[in-house]
Amino acid sequence: MIHLSPGRVLSLIAASAIAVGSAVAQQPVPPTDPTTSSPAVSPAGASASGTCEHEKILALAPSDAWLIAYTEGFKTLAKNPVVMQISPSAEGLTALLTALGETFDGPCMLAVGGTPSDPVSWRVTVAAQTMLDAGEAFMRIGTDIVPAWDRTPLQRMISPLEFVDDGQYGYLTLAGPVPITLTIVLRDRIAFGSSVVGAAENWANHGEELAGFANTAEFKRIVVDQTGPIGVLLYVNLRSLIPLAGDPLNQMLPNLFDAIQLDTLESIALVLPSAGTPDTVRLALGVRDIEPGVWRLLASAPSGTTLARAFPANTTLFVQGSIGRASEIMEDIKFFAATLDRQITAEYQRERQEFKREVGLDPEGELLANITSAWAFGMPGDSDRTEPALLVLHLEDKSAFKRHLHTLRAAFQLEMKSASYRGVAIEQAQREFGPFMFAVVENLLLLSQDEGTFTAAIDAMLDQTGLDRTGPFTAVRDRIGASTSKYVYLNLAELFPCSKADDEQEAARCAEAVGKAGKAVGLTVIPHDRMIAIELVSSDATPEGAIALLWMSISESLIRARHLSARTVSASNVKSFLVGCYMYSRDHKGQWPESLDVLVKDELTTANLLRNSPYTGQPTPSGGSYYLYRFIANPKSVKNPSEEVVISEPAIHDGGAVFGFFDGHAEW
């Protein structure tokens, strides 16, 4: 019996996903039973016969696979900026994808089924389009693809590949502790491989078709309301994996696993559009039920983008969401809190009852239940301006809001200063509750701390010059789903002002990135039957560009954070070495050690701490100390201990290095 740890299983999944990729886009298809052989409506991109290339390939993916990775072509994947950004070795991965693309020049798929762990019983299936005959394809696998694999980090993460060609069949083996051998055959310009004994031979000789993933109700839910051909698809069926991870997660984070309802999460699918297709990028979360709690909080009632009319045209960030009633959000929050700690909700109920006794108003059942069903938040101005945000609430009942406000004023003795702007009554809170301003315009409640932001919102509404009238916003809005429950809009052209770059080269790179991403992007949450879709929409370019731009921004922050974290670790190491030096000197009549290796010998520090780089976690090539040490033969000669450097890093990182001083302190 073969045993694999959850970490090993997840690393294999991640490596497989990077090797092949994933994403999808299709026309609306009504749900079908998993056993149905064909959908009632053919997906977008179908030929006159009702099939298309991606259907042929995905039909070969077993319907019970727990991992499916599909791409419309390895050459396209090799040019994907996101894949290159996340790759541990972009150069090595590009060489592998190039070798694969020269052999398999069309859609390709990897599927893994069976039991993921304890005992391991994996069923691996691959399929790819090729214009080559079997002999030429097998030769390239052995001479180009296998060596390219062995030069990538994937080989070290998983295991080496071995390939044998007997003339009729090819045998591709993933060596290592859990060897998996695929029998590969070619038919109708498709290379098909399976680890199931006899499956590839039967497919080649008898044309046996599989109950493929493309015909399941799960797949139809993933691609519902999508248009355009499939680009890349990564699908993970969590029904087999969640139990594997549930116990470790619950041990590390008690109750959090249940609080975020991971047990109801059944699948995850990442969907990217076809290359050059201006369509949406989708993350589809398959859930068993959308009940009170985190999933209903995420997939609330449809909201549209109607509140955008209250935001000035120069708004660069706009977020809108909705709920059936404002009090429903409290039900979801209470469910979440009660799962973590029931005392939290008990305390809330006591506070709620006390508030009603003292104020005469139930904050949840009366106030929140009648105020709003939709909300929006926006940040006006460009990236260099710091104007306060604007909050807008859609009032369900204006008269109820005024009654409740009157009650709250009397109970808390709220001091309000009244004013007027263009005929709109404005209230400004005083004392410790302020300053903030609010006003009701039509059925919208506007709130802000800044007078300029506030009056600009009123102008936008009265003059009908709001964000909803701008070109970038409407270009994004017109492409989002009608049932959107959450919507985030980003004006990339304003958030990343390329004209303000430090030099021409940086400005050119910025302009190229923004050009690929589009002037603006929108992120939406769209609930469907047993599925929540999180979609990224670009105003005038392919979403991959927007993802690349956002990923570059995030990755720079992550790199920065990683350097700061490593800097902190390094400073801690240096301080511990200094402490070790002082302890050594105490036992050696004030003399410091001749080298830091002496601290390891005397067990005053560890070899790993001394030799491994805090930035890479790897030991130095020479096997010696990572840190530089300056031996002072006569410690009594040191006149300024706080300025005398004795330990330092060997290289500059992010513009500086960590130094340790004779008085025991360390600084960057």
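Biologist: What do the side chains of aspartate 587 and arginine 586 do?

Modeller: They meet in a salt bridge, at 3.7 Å from N to O. Keep in mind that this is a predicted model.

Biologist: Is aspartate 587 buried or exposed?

Modeller: Exposed, because its relative accessibility is 55% and the cut-off for exposed is over 50%. Arginine 586 counts as exposed too, at 61%.

Biologist: Why would such side chains pair at all?

Modeller: Opposite charges can pair when the charged atoms of the side chains come close.

Biologist: How many salt bridges does the count come to?

Modeller: The count is 17.

Biologist: Which residue does glutamate 136 meet in a salt bridge?

Modeller: Arginine 140, with 3.0 Å from N to O. Both residues lie in helix α6. They are 4 residues apart, about one turn of the helix.

Biologist: And how accessible is glutamate 136?

Modeller: Glutamate 136 has 27% relative accessibility, so it counts as partly exposed. Arginine 140 is also partly exposed, with a relative accessible area of 21%.

Biologist: Which residue pairs with glutamate 427?

Modeller: Arginine 409, through a salt bridge of 3.1 Å, N to O. That pair links distant parts of the chain. Glutamate 427 sits in strand β15, residues 424-429. Arginine 409 sits in helix α16, residues 398-412.

Biologist: Is glutamate 427 buried or exposed?

Modeller: Buried, because its relative accessible area is 16% and the cut-off for buried is under 20%. Arginine 409 is partly exposed, at 27%.

Biologist: Which residues are linked in a network of salt bridges?

Modeller: Arg422, Asp459 and Asp463 are linked that way.

Biologist: OK, switching to the nonpolar side. Which residues touch the most other members of the largest nonpolar core?

Modeller: Phe104 and Ile141 do, in a core of 48 residues. The largest share comes from helix α6, residues 134-150, with 6 residues.

Biologist: What is isoleucine 141 in contact with?

Modeller: Setting aside neighbours within four places in sequence, isoleucine 141 contacts Phe104, Val146, Pro147, Phe163 and Leu172.

Biologist: How many residues are in the second core?

Modeller: That separate core has 31 residues. Met109, Val223, Ile526 and Ala533 are among them.

Biologist: Now the strands. In what order do β21, β22, β23 and β24 form their sheet?

Modeller: The order is β21-β22-β23-β24. The sheet is open, and its pairing is antiparallel. Its edge strands are β21, at 628-629, and β24, at 666-667. Each of those pairs on one side only.

Biologist: Over how many bridges do β21 and β22 pair?

Modeller: Over 2 bridges, in the antiparallel sense. Strand β22 covers residues 645-648. Leucine 628 stands opposite serine 648 in β22.

Biologist: Zoom out for me. How many helices and strands are in the chain?

Modeller: The chain has 23 helices and 24 strands. It runs to 668 residues, and 47% of them count as buried.

Biologist: And what is its accessible surface?

Modeller: About 31,500 Å². Carbon and sulfur atoms hold 55% of that area.

Biologist: Last one. What share of contacts join residues at least 24 apart?

Modeller: The share is 62%, among contacts between residues at least 6 apart in sequence.

Definitions and conventions:
Residues are numbered from 1 along each chain as its sequence is written. This is a predicted model: local features need pLDDT of at least 70, side-chain atom pairs count only at pLDDT 80 or more; totals for chains, interfaces and linings use all residues. Side-chain values use heavy atoms; hydrogens and water are left out. Two strands pair if DSSP finds at least two bridges between them. A nonpolar core is a set of buried Ala, Val, Leu, Ile, Met, Phe, Trp, Tyr and Cys residues joined through side-chain atoms within 4.5 Å. Buried means under 20% relative accessible area, exposed over 50%, partly exposed in between (1.4 Å probe, protein chains only). Contact means heavy atoms within 4.5 Å. Accessible areas come from the Shrake-Rupley method with a 1.4 Å probe; for residues, only the protein chains shown count as cover. A salt bridge is a side-chain nitrogen of Lys or Arg within 4 Å of a carboxyl oxygen of Asp or Glu.
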